[in-house]
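Hi everyone, thanks for making time. Please bring the model up on your screens, and we'll walk through a few spots together.

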Amino acid sequence: FNATVQLTYPSGYSPVEGVTVKLLNTLTGTAAEAATDATGTAVFETVAGVYEASASESRSVDNDYLVFNGVKSGLIVADADISASITLTASKASRLVIKELYNGGCLKNEEEGGGTYQYDKYVVLYNNSDAPVSLDSLCFGMVNPYNSGVTNNDYVAGELLYAAEGWIPAGQGIWTFRSAVSLDPGKQIVVAVNSAINHTQTYANSVNFANAEYYAMYDLPVYTNTNYYAPPSELIPTSHYLKGYLYGAGNAWSLSVLSPAFFIFTPQGMTPSAFVASADNIHQYNNSASAANTRKKVPVEWIVDGIEVFQRGKTNNVKRLTPAVDAGYVELTNYLGYTLYRNVDKDFTEALPENEGKLVYNYAGGTADIEGGTTDPSGIDAEASLKNGARIIYKDTNNSTNDFHQRKLASLKN
């Protein structure tokens, strides 16, 4: 049967030819792509099934880099052709981006007892712009439901109940910086989500956080689980400890090792503590009164960046982040030391005059050689280029499918 998908743009913007539309069979996991015509229409030949259609497009408008994203779930092809419309949401590319999310853990060697290790998560933030970025009041949040494979009761008639209202649910608690932090162009900051220690002293495949430049999510009076929060390395100053806020239930901010929906945001017109203290932004997941289901409504316009993770080879139910935050997802194979790393924007990076002779090509750090693996399509080895003195501009389309790949090795181990 034919499935016709029409892209509907926000007021003031016209469709263009050649935008890629993706049609995913949510039952089989197979996907197809088709390009739009000048009217913003794409046509697929499909078999019966349940589908999700998505599209992403970027363009420069009045010196702003705008991204248009949209997703339409629950498209049923039964015994006839169908037509559907994807309403696109416009958003600006972020100056501050999530460069890397390492959350899947690693394997223990036989002499270490075998099995897996998962208390070494971290995130790397990067200034993707040409001006300093302030991280004052920047907060870290995760969506409840915490995993993509569970039934998501936020969906009503095929749509996220919070999509039309323009907010994202932050489950259980948030973290923020205690002191003023500024990030220069092309620079990064490493934040240990779990124990900020040298994990390689116990597990060789893990990572080493014993670095005076690193930051640590460590607030023992708030989060007390010592499996997640050993005292940080003595090299990390106490001024680099983040502040935790707990408004749900639990003794650890347990960012999913399987498939988190993770985001960063900056409250507008209030401090992080005032945001947490407010009773006006509370939402109980699935109408449950349990503290375990307490969430905070984070307005979409506050969100700086986000990444939706699906578990490779497992059942992944519908998305949690809305298209304005992340219109796609990136798959992760867990417990093998793999990491989710942002792709290089090849055109912008090569266009920088200061990169002449400094970029390293033939990138081989991805996982394209394994089933379901991915790599950076730019072919530029970002970490090697950075060490060579290059300035990297990372891809930012607010669509994790386009923006991230699964890397074999955490960048901190390079």
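This is a predicted model: local features need pLDDT of at least 70, side-chain atom pairs count only at pLDDT 80 or more; totals for chains, interfaces and linings use all residues.

Residues are numbered from 1 along each chain as its sequence is written, and side-chain values use heavy atoms, with hydrogens and water left out.

Let's begin with the sheet. It is an open sheet of 12 strands with mixed pairing, in the order β27-β26-β23-β14-β18-β22-β21-β20-β12-β9-β28-β29. Strands here are DSSP runs of E with at least two residues, helices are runs of H or I with at least four, and both are numbered from the N terminus. Two strands pair if DSSP finds at least two bridges between them. At the edges stand β27 (330–332) and β29 (404–407), and each has a single partner strand, so one side of each has no neighbour in the sheet. From one strand to the next, the twist averages 25 degrees, using lines fitted to C-alpha atoms and angles from 0 to 180 degrees between N-to-C directions. Inside the sheet, β14 (residues 139–142) and β18 (residues 173–176) pair antiparallel over 2 bridges, and Cys139 has Thr176 in β18 as its bridge partner.

Now to Asp305, which sits in strand β26 (residues 303–311). Is Asp305 buried or exposed? Its relative accessible area is 3%, so Asp305 is buried; the cut-offs are under 20% for buried, over 50% for exposed, and partly exposed in between, with a 1.4 Å probe and protein chains only. The side chains of Asp305 and Arg342 are joined by a polar contact of 2.8 Å, meaning N or O atoms within 3.5 Å, one able to donate a hydrogen and the other to accept it, with residues adjacent in sequence counting only if both atoms are side-chain atoms.

Finally, Thr4, found in strand β1 (residues 2–8). At 25% relative accessibility, Thr4 counts as partly exposed. Thr4 and Ala42 are 38 residues apart in sequence and 5.9 Å apart in space, C-alpha to C-alpha.One last note on the word cavity: on a 1 Å grid over the protein atoms alone, it is a set of points where a 1.4 Å probe fits but cannot get out, and lining residues have an atom within 4 Å of a point.
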